[in-house]
Amino acid sequence: MEYLTDALKIKSFDKRIPFDVSFELTHRCNQACIICCRPPSDTYELNTDEVKYVLNKLARYQCLFITFTGGEIFMRNDILDLIDFATDLGFALTLKTNGTLLDDSTIEHIKKCRVMEVHISLLGGRQETHDALTGMKGSFDAVKRVALAMRRKDVEVVIMSPITRGVVEEIESIRTTARQWGVEHIIFSAIIFPSMPADRSIDLYRLTDDELVRFYSTLRRLFGSVDETDIRSFNEKTDVRLLSCTAIQNGFTITPDGTVIPCTSVPIKLGNIIDDEMETILFSEKADGIIDKLQLSATPVCASCIDRIGCLRCPGLAFMENSTFGTVPFEACRHTRAFKAALYTAQ
Ligand code: SF4
Ligand code: SF4
C-alpha cells in the first residue's frame, strides 16, 4: 500500500493534486488533552451543506484519501451524514477520534460505510494515566469499549499513542492492552508539536533525553524496528522528492471554517476552500514560496547534516519551534541523537 501511495504521490507532484487531505471538521472537544495541538475552541464551522460542497470539490480534483479530524469529530451532530457522503463519493476515509462519544449504533454505521480506518488515541497503558492526560475520568474505559466493539465488527482500528514524560514505562502495557482489544496496529510517537509557533509550554511534557533513548530502545525490543541500514537503503531507493516535505504538492489541511493551510503543522493561510478556486489556492505565489521553503535544500544545516538520513527533519516542526522556515527543528535533532544512542546501547 505504501509503495502504491508513494507512486501516486510522485505522479501528482507537478499537478499539485490534493491527493491526501486532512479535514478538521471542528475544534470543539469534550476532552482537554494536555498535549493537544488543536486546543478546544468554538471557531466557526462549515455547515453540513458547505462540508458536502467541499467534499464534492475535492472529488473533482481527484482527492483520494481524506481524514476527518478535529477537535473531536463526533461532537458534530451531522457527522454520520458526512461520513456517508464522503464514503459514497468513494474517498478512502480515515476517522480520528478520542473514542468517547461512539455508541453501538454509531459503530454499526461506521462498519456499514466501509470507513478505511478509525484512529483512536490512547495516552497510557493504565486507566489512571490515560484519564489524567485526557482530563476526563472514564475516557480509558470508553476507548476500551469502543475498540472492542469495533474489532468485533471487523472495523480497522489503529491505536495512536503519543508518549509523554513519565509514560515510557507503559509502552509495553499499551501494546498488550491494544492486543487484548484485538488491535494489532499501534503507532507510537514521542514527537510533540507546539500548538502555536514558539510555544514552549509543551517542553514540560516532552520526554527527557534519557526517556527518549528508552523510548527508542523499547520500540526496537518490542517491534524489532528499523536500524540505520534499513533507513539508508529505504532513502536510497526512494524518489528524492519524497524525502522533502510534500505539503501543498500532494495535499493540505482544511480547518473548520474552510481555511486551507499546507499542513496541520504549518498554520499559514493559503486561501479558503469555499471562496477560492483550487488553482488559486495551490498555484499562488504564496504557495510556490512555501513549497520552496519546505524543501530539504532550504535548510542548509539539515541538507549537509550527516544524520539527515533517518531524521524527521520536518519543516513544520522547525516553523512551530522557531517561528520561521529554513531553521533546524532542534527537537528532531534530539530524537535523532536518542535513536542512534538506542542503536548503540542495543549492540
Ligand atoms: S534536524 Fe538536526 S539531525 Fe536532523 S538533519 Fe537537521 S540538523 Fe541533522
Ligand atoms: S510540515 Fe512536517 S508534518 Fe507537515 S507535511 Fe511537512 S513533513 Fe509532514
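I counted a residue as near a molecule or strand if its C-beta atom, placed from the backbone, lies within 6 Å of it. The model is predicted, and I kept to its limits: local features need pLDDT of at least 70, side-chain atom pairs count only at pLDDT 80 or more, and totals for chains, interfaces and linings use all residues. Residues are numbered from 1 along each chain as its sequence is written, while chains are lettered from A and ligands numbered from 1 in the order in which they are written.

**Ligand 1.** I listed the residues around ligand 1 and found Val-301, Cys-302, Cys-305, Asp-307, Arg-308, Cys-311, Arg-313, Val-328, Pro-329, Ala-332, Cys-333 and Thr-336. They divide into eight nonpolar, one polar and three charged, where Ala, Val, Leu, Ile, Met, Phe, Trp, Tyr, Cys and Pro count as nonpolar, Asp, Glu, Lys and Arg as charged, and the others, Gly among them, as polar. Helix H12 (300-303) and helix H14 (330-346) each supply at least two residues of this shell, and H14 gives the most, with three. Helices (H or I, at least four residues) and strands (E, at least two) are DSSP runs, numbered from the N terminus.

**Ligand 2.** Around ligand 2 I noted Cys-245, Ala-247, Cys-263, Ser-265, Val-266, Cys-314, Pro-315 and Gly-316, a shell of six nonpolar, two polar and no charged residues.

**Sheet.** I traced an open sheet of nine strands in the order E6-E5-E4-E3-E2-E1-E7-E8-E9, with mixed pairing; two strands pair if DSSP finds at least two bridges between them. Strand E6 (186-189) and strand E9 (271-272) are at the edges with a single partner strand each, so one side of each has no neighbour in the sheet. Strands E1 (residues 20-24) and E2 (residues 65-69) run parallel and are joined by five bridges, and Asp-20 stands opposite Phe-65 in E2.

**Gly-258.** I placed Gly-258 in the loop between strand E7 (251-254) and strand E8 (259-261). Gly-258 is buried, with 20 other C-beta atoms within 10 Å; the term buried needs 20 or more other C-beta atoms within 10 Å of the residue's own, exposed 12 or fewer, and partly exposed lies in between, with C-beta atoms placed from the backbone. Gly-258 and Glu-24 are 234 residues apart in sequence, yet their C-alpha atoms are 8.9 Å apart in space. Leaving aside neighbours within four places in sequence, Gly-258 is in contact with Leu-46, Glu-50, Val-54, Asn-272, Ile-273 and Ile-274, contact being C-beta atoms, placed from the backbone, within 7 Å.

Conventions. Two residues are in contact if their C-beta atoms, placed from the backbone, lie within 7 Å.
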